[in-house]
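Please read them with the model open.

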Amino acid sequence: MSPSLFRSWMWLVAASTLCGCYVEAEPVAPTASGEVVVADPPPPPPPQAEAVPPPPQPGVSWVPGYHRWDGRAYVWERGHYERPPRADARYVQGHWEARGRGKVWVNGHWG
């Protein structure tokens with residue numbers, strides 16, 4: 001391979017690794033409850049850095065931002081304040097749960 005062809009090939013490889021990659025997970029089948037089970041979902045991107053502002057009022061808790069699965073790709077949900085449904089409630093971040101032959105996305109919620 002000539003040096004100029006090798007440099008062109010290396011540039012192409014480097015450029016392709018720097019480009020974003022869109023991955024669409026293949027759904028297996030909806031469950032009886034309407035959840036869409038995904039055979040092999042891609043992991044979410046790392047969380048984005050967010051500055052936590054002071055609470056707007058007493059009794060609210062900060063819910064950190066996260067990448068929510070919208071059925072085709074991840075979408076960033078910004079952090080915000082919410083009033084917990086009860087004093088001992090803890091916020092559970094959105095995550096994948098195993099269901100049957102795949103996984104289903106569970107949105108963030110108070111638990």
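Which side chain meets that of Arg86 in a salt bridge?

1. The partner of Arg86 is Asp88, with N and O 2.9 Å apart. A salt bridge here is a side-chain nitrogen of Lys or Arg within 4 Å of a carboxyl oxygen of Asp or Glu. Arg86 is partly exposed at 42% relative accessible area, whereas Asp88 is exposed at 53%. For these words, buried means under 20% relative accessible area, exposed means over 50%, and partly exposed lies in between, with a 1.4 Å probe and protein chains only.

2. Two remarks on the basis of these values. The model is predicted, so local features need pLDDT of at least 70, side-chain atom pairs count only at pLDDT 80 or more, and totals for chains, interfaces and linings use all residues. Residues are numbered from 1 along each chain as its sequence is written, and side-chain values use heavy atoms, with hydrogens and water left out.

3. The salt bridges number three by the rule above. Side chains of opposite charge can pair when their charged atoms come close. Besides the bridge of Arg86 and Asp88, there is one between Arg68 and Glu77, whose closest N and O atoms are 2.7 Å apart. Both ends are partly exposed: Glu77 has a relative accessibility of 29%, and Arg68 has 23%. Another joins Glu97 to Arg99, with 2.8 Å between the closest N and O atoms. Here too the ends are partly exposed, Arg99 at 27% and Glu97 at 28%.

4. Next, the strands that hold some of these residues. Strands are DSSP runs of E with at least two residues, numbered from the N terminus. Strand 8 (residues 95-99) and strand 9 (residues 102-106) run antiparallel and are joined by five bridges; two strands pair if DSSP finds at least two bridges between them. His95 stands opposite Val106 of strand 9. The two strands form a hairpin with two residues between them, and Gly100 in the turn has a positive phi of about 55°.

5. Val104 is part of strand 9. Is this residue buried or exposed? Val104 is buried, its relative accessible area being 3%. Setting aside neighbours within four places in sequence, its contacts (heavy atoms within 4.5 Å) are Glu35, Val36, His95, Trp96, Glu97 and Arg99. Glu97 and Arg99 in that list are also the two ends of a salt bridge. Gly71 is 33 residues from Val104 along the chain, and their C-alpha atoms are separated by 9.7 Å.

6. The aromatic rings deserve a look. There are six aromatic pairs in the structure. The rings of Phe, Tyr and Trp (its six-membered ring) pair if their centres lie within 6.5 Å; planes under 30 degrees apart count as stacked, over 60 as edge-to-face and the rest as tilted. Tyr74 and Trp105 have ring centres 6.0 Å apart and planes at 80°, so this pair is edge-to-face. The pair links distant parts of the chain, with Tyr74 in strand 5 (residues 74-77) and Trp105 in strand 9, 31 residues apart. Tyr74 is buried at 16% relative accessibility, and Trp105 is buried at 13%. Ring pairs also link these two with Trp69 and Trp96 into a cluster.

7. Which residues does His67 touch, not counting those up to four places away in sequence? They are Pro44, Pro45, Pro46, Pro47, Gln48, Tyr74, Val75, Trp76 and Trp105. His67 lies in strand 4 (residues 66-69) and is buried, with a relative accessible area of 11%. A polar atom of its side chain lies 3.4 Å from the backbone oxygen of Pro45.

8. Last, Glu82, which is placed in strand 6 (residues 80-82). Glu82 is partly exposed at 26% relative accessible area. Its side chain makes a polar contact with the side chain of Trp110 at 2.6 Å. A polar contact is a pair of N or O atoms within 3.5 Å; within protein, one must be able to donate a hydrogen and the other to accept it, and residues adjacent in sequence count only if both atoms are side-chain atoms. Glu82 and Trp110 are 28 residues apart in sequence, and 9.9 Å apart in space from C-alpha to C-alpha. Leaving aside neighbours within four places in sequence, Glu82 is in contact with Val60, Ser61, Val63 and Trp110.

Technical notes. Helix = DSSP H or I, 4+ residues; strand = E, 2+ residues; numbered from the N terminus.
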